[in-house]
Amino acid sequence: GDSIRVTVAALTLLAGGGMAVRALVQQMTVEPGFRARDLTTFSIPIPRSRMTAPEQADSFYGALLGRIASLPGVASASVSTGMPVRGGNFRRQFEIASDRVPDPSSRPWTGVNIVSPSYHWTFGIEINRGRTFADTDRDHSARVAIVNEAFASQFLPGRDPLGHRIVMSPFAFAAPQPPAPVEWEIVGVQANASNAGPGRPPQPEVAIPFAQNAWPRVIVAVR
């Protein structure tokens, strides 16, 4: 059906996407923190009217990834709202549950990337502590997060980030105001991957599972 047609159309973009990723990495003067070799990225222009609920996005991209992963020569595929070098498309104010900030305007900001469980493997981003996301990290399960080393060193210096909880609003489709904040338990710490552009130091970033905050417009990565 539509998923098959979208898969075929998307795969025609693979060569150009891979060249774009490699070109960005070649501009960098510091270690990028991910493996660009044999990696291709592209996006799919989904009409806003096609997906009006998170469940639709989760189902559509889950089926798409399954079809891509089954193709010969594909080792892994993922979806995410951001990617290395370019960084995440989202930012959020937050606080650490054990370090409450009474004044909302004084709460720090972080980049946020909504990713599928295969994201870190597909991009070759190391998990230095804890675990990566699993297929069991669903909307009905405890909310979890992975932070990068830049986040850990800036906001949890001298402490083991694992088990700490980030208090942050999720992202909602077409909502005029962000939903009420919820707690996301840190279950992993990822190596820093360039997320602020070539030559710039990595910025704090939080990854959250796609199934816990599905989004209609994403980047598809294939290795």
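Q: When does a charge sit over a ring, and where does the charged end of Arg143 sit?
A: The charge counts as over a ring if NZ of Lys or CZ of Arg is within 6 Å of the ring centre and within 35 degrees of the ring normal. Here the charged end of Arg143 is over the ring of Trp184, 4.9 Å from its centre. Likewise, Arg92 has its charged end over the ring of Phe171, 4.0 Å from the centre.

Q: Which residues and atoms count in this model?
A: It's a predicted model: local features need pLDDT of at least 70, side-chain atom pairs count only at pLDDT 80 or more, and totals for chains, interfaces and linings use all residues. Residues are numbered from 1 along each chain as its sequence is written, and side-chain values use heavy atoms, with hydrogens and water left out.

Q: How do I read a pair of aromatic rings?
A: Look at the distance of the centres and the angle of the planes. Rings of Phe, Tyr and Trp (its six-membered ring) pair if their centres lie within 6.5 Å; planes under 30 degrees apart are stacked, over 60 edge-to-face, and the rest tilted. That rule gives 10 aromatic pairs. Phe34 and Phe123 make an edge-to-face one, 6.2 Å centre to centre with 65° between the planes. Phe34 is in the loop between H2 and E1 and Phe123 in helix H4 (residues 119–123), so the pair ties together parts 89 residues apart in sequence. (Helices, H or I with at least four residues, and strands, E with at least two, are DSSP runs numbered from the N terminus.)

Q: Why does the pair of Phe90 and Phe171 count as stacked?
A: The centres of Phe90 and Phe171 are 4.5 Å apart and their planes are at 25°, so the pair is stacked. Phe90 lies in strand E3 and Phe171 in the loop between strand E8 (165–168) and strand E9 (182–190), so parts 81 residues apart in sequence are tied together. Ring pairs also link Phe90, Phe171, Phe173 and Trp215 into a cluster.

Q: What do the two faces of strand E3 look like?
A: In a regular strand the side chains alternate between the two faces of the sheet. E3 (residues 90–93) has Phe90 and Arg92 on its covered face, and Arg91 and Gln93 on the uncovered one. Four bridges join E3 to strand E5 (residues 109–115), running antiparallel; two strands pair if DSSP finds at least two bridges between them. Thr110 is the bridge partner of Arg92 in E5.

Q: Is Asp38 buried or exposed?
A: Buried means under 20% relative accessible area, exposed over 50%, and partly exposed in between (1.4 Å probe, protein chains only). Asp38 is exposed, at 56%.
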